[in-house]
Amino acid sequence: MRTVSDLPNEVREDEYVQVPVSDGVRLAARIWRPVDSGDRPVPAVLEFIPYRRRDLTAQRDSIHHPYMAGHGYACARVDLRGSGDSEGVLTDEYLERELLDAEEVLAWLADRPWCDGRTGMMGISWGGFNALQVAARRPASLRAIVTACSTDDRYSDDVHYMGGCLLGDNLSWASTMFAYNSCPPDPELVGDTWREMWHERLENSGLWLDTWLRHQYRDEYWKHGSVAEDLDAIEVPVMAVSGWADGYSNSVFRLLAGLRSPCLGLLGPWSHKYPHLGQPGPAIGFLQEVVRWWDRWLKGVDNDVMDAPALRAWMQESVPPSTAYEERPGRWVGEPRWPSPNVVVDSRAMGAGRVLGEGEAPDPEAVSTLSSPLSTGQHAGKWCSYNAPPDLPYDQREDDGGSMVFDSRPLTERVEILGSVVVELDLAVDRPDAMVAVRLCDVTPKGETTRVTYGLLNLTHAGGHEVPERLEPGRRYRVSVPLNGVAQAFPPGHRIRVAVSTSYWPLAWPPPEPVTLSVFPGEHTRVLLPVRPAGAGGGPVAPFGEPEGTAPVPTSVVELGEQRWDLSHDLVHYRKSLNVVKDLGTVSFDDIDLRVRRRAEERYSWVGNDYDTVRGETVWTMGFARGDWSVRTTTRTVLTSTRTDFHLHATLDAYEGTRRVATRIFTSVIPRDRV
């Protein structure tokens, strides 16, 4: 990324500003704005997230907020209540109080003498979520938003559940927030009140996983904050961004299709990253695009930002399977709208281990039957890649060994797809609770198998996520499984593979007991490919600029970290485990003389094919030190299950120096509700 120092406006930074909200809580903000904005007011842009603006996101923030400020905007990075140096306690995602706080912060910004009264919101992940949610509330000053790696549907398409299946990342993400919520404010800023603020968080933030496990289908809890409930409520222009390695590509398509307000969609090869920091690459000059977006919608500049195709997507070329990529080869393609007139549905029947070609009919007697090993899914990678290698799916042949596999004949010509693949199945199962995992793969002539996309469906949710119904063993059902949206090219000589399994652990929590699945060939067992014919789209998309941003705040490595994924298989006792270490080491933020330590360990284990032995355990360590001030927290979460219940146990220990100053223990039993 190119570092830019020569900007149109000289920038001043206010490192610690307290923003009052209506219940008396003061929120901590960092604000960058043009030096002359007191005389020449400018629009303001808000990023409102809980990840500690003074340290944990300081490097990222310092790359893009001063850059936008240098182009004529007042940029505010505000910590949610109960996070960073903000007062109060954070007790869950996207609560009404959070959204009200956001509205009040926007009003406060609009009322500053250096603001011209117009505001925007931007963010990635949490900040992308609440930008959409606040836009639907129509605050008076808000004119446009940029939402990256977010969703319009908190139940069907988020880190908690996928297709009605409980995700392993539900545990992982809850554990992350359990750790982050245990962190103290910085005494250098908040003074002697830091300890009182810290203990208030330790005592009252709670264990969010308990809450999320008590809402196992799409109820009012998940509908709150899901703007898909009423997309017409959003009237401001929306730039929607994600990546194929991210968990949130689907929402870009839905927003393009459903919003009445102006909308641009951007989908690259990236993981859960802003595109100017995009990995796998190529990263792009995203901040230039954002500035042009703000210029058009916050300043009224008549530029060409809306002349771009409504959707710009990276058409990925075929690559060998790998758990990490530096770059994904491909090209940019553009679509005038979504759904696109350039994409046609290619329906291909499946039967007897084959994805059938045109004119081929399945053998109606060739019923496929399978009960997947519990270990099917151990090469799935993360539900959402954070580009923390190796978190992408590896060669799928071992998982294919526990799956029904349907292969096309070797392709005679190149096939490109763009959008969501749908697999329809005519099936029966022998248990009242069951799931299917469906993968679309690219198979090379040598047999190497790269997962292109996948989808999950809790079969009790086949009729909808709001009112699940137990299955009647032996009865035939027709189900439709949408796979995550993607853009992918399959070269001649390769095969397209559809793989179906009854387990996908540990990416998804298994059903209560092993399931035998039967799939019946015929017109209702098929794959629907969104094919984009060669030459569609009317020519190449204009290239993006080089990634650029302002210089990040200075840091130095005090202690190296490590990234590790290990698979363990004890052939004596049939114990298996996936062990993940994400250790970011100890980093010194040199400008504020602060050392920060972060380490996360995850272990997913099971014994043979015994579903009652499934176990997920996470341990987080967070530490902060300056001079003789030192604090540390350790959080541990364990989730197990039986056929009828989830069992949850968690602990939190907080230390000043070597002295433990707080301990919390959480234990609960939560009934399984058709999950």
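Which residue's side chain does a polar contact of 2.7 Å join to that of Ser182? The partner is Thr633, and the pair gets its own view below.

This is a predicted model, where local features need pLDDT of at least 70, side-chain atom pairs count only at pLDDT 80 or more, and totals for chains, interfaces and linings use all residues. Residues are numbered from 1 along each chain as its sequence is written, and side-chain values use heavy atoms, with hydrogens and water left out.

**Figure 1. The whole chain, before zooming in.**
The protein chain has eleven helices and 35 strands (helices are DSSP runs of H or I with at least four residues, strands are runs of E with at least two, and both are numbered from the N terminus). Its radius of gyration is 25 Å, close to the 26 Å that the globule rule gives for 675 residues, so the chain is as compact as a globular protein of that length (the radius is taken over C-alpha atoms, and the rule is 2.2 Å times the number of residues to the power 0.38). Along the principal axes, the C-alpha atoms fill a box of roughly 80 × 60 × 45 Å. Of the 675 residues, 63% are buried (buried is under 20% relative accessible area, exposed is over 50%, and partly exposed is in between, using a 1.4 Å probe and protein chains only). Take the contacts with a separation of 6 or more: 74% of them are between residues 24 or more positions apart (a contact means heavy atoms within 4.5 Å).

**Figure 2. Ser182 and its polar partner.**
Ser182 sits in the loop between helix 4 (168–180) and helix 5 (187–190). At 1% relative accessibility, Ser182 counts as buried. Its side chain and that of Thr633 are joined by the 2.7 Å polar contact (a pair of N or O atoms within 3.5 Å; within protein, one must be able to donate a hydrogen and the other to accept it, and residues adjacent in sequence count only if both atoms are side-chain atoms). Not counting residues up to four places away in sequence, Ser182 touches Trp198, Leu202, Thr633, Thr635 and Leu652.

**Figure 3. Arg348, a buried arginine in a strand.**
Look for Arg348 in strand 14 (residues 344–351). With 17% relative accessibility, Arg348 counts as buried. Its side chain makes a polar contact of 2.9 Å with the side chain of Asp346. Leaving aside neighbours within four places in sequence, the residues in contact with Arg348 include Val355, Leu356, Leu411 and Val415. Arg526, Val527 and Leu529 are also among its contacts.

**Figure 4. Helix 9 under cover.**
Helix 9 (residues 249–258) is mostly covered, with seven of its ten residues buried. Those buried residues are Ser249, Asn250, Ser251, Val252, Phe253, Leu255 and Leu256. What covers them includes helix 3 (126–135), strand 10 (238–243) and strand 11 (263–268). Strand 12 (311–316) and strand 18 (415–419) are also part of that cover.

**Figure 5. Val236 and the residues around it.**
Val236 belongs to the loop between helix 8 (220–223) and strand 10. Its relative accessible area is 11%, so Val236 is buried. Val236 and Ile145 are 91 residues apart along the chain, yet their C-alpha atoms are separated by 7.3 Å. Apart from neighbours within four places in sequence, Val236 is in contact with Ala135, Leu142, Arg143, Ala144, Ile145, Ser261 and Pro262.

Most residues other than glycine have a negative phi, and most peptide bonds are trans. Arg52 is not a glycine, but its phi is positive, at about 70 degrees. You'll find Arg52 in the loop between strand 4 (42–49) and helix 1 (58–70), and it is buried, with a relative accessible area of 5%. Cys149 isn't a glycine either, and has a positive phi of about 55 degrees. The loop holding Cys149 runs between strand 7 (142–148) and strand 8 (161–162), and Cys149 is buried, with a relative accessible area of 1%. As for the peptide bonds, the one joining Trp338 and Pro339 is cis, with omega about 0 degrees. Pro339 lies in the loop between strand 13 (330–335) and strand 14. From Trp505 to Pro506 the bond is cis too, with omega near 10 degrees. Pro506 is placed in the loop between strand 24 (495–501) and strand 25 (517–519).
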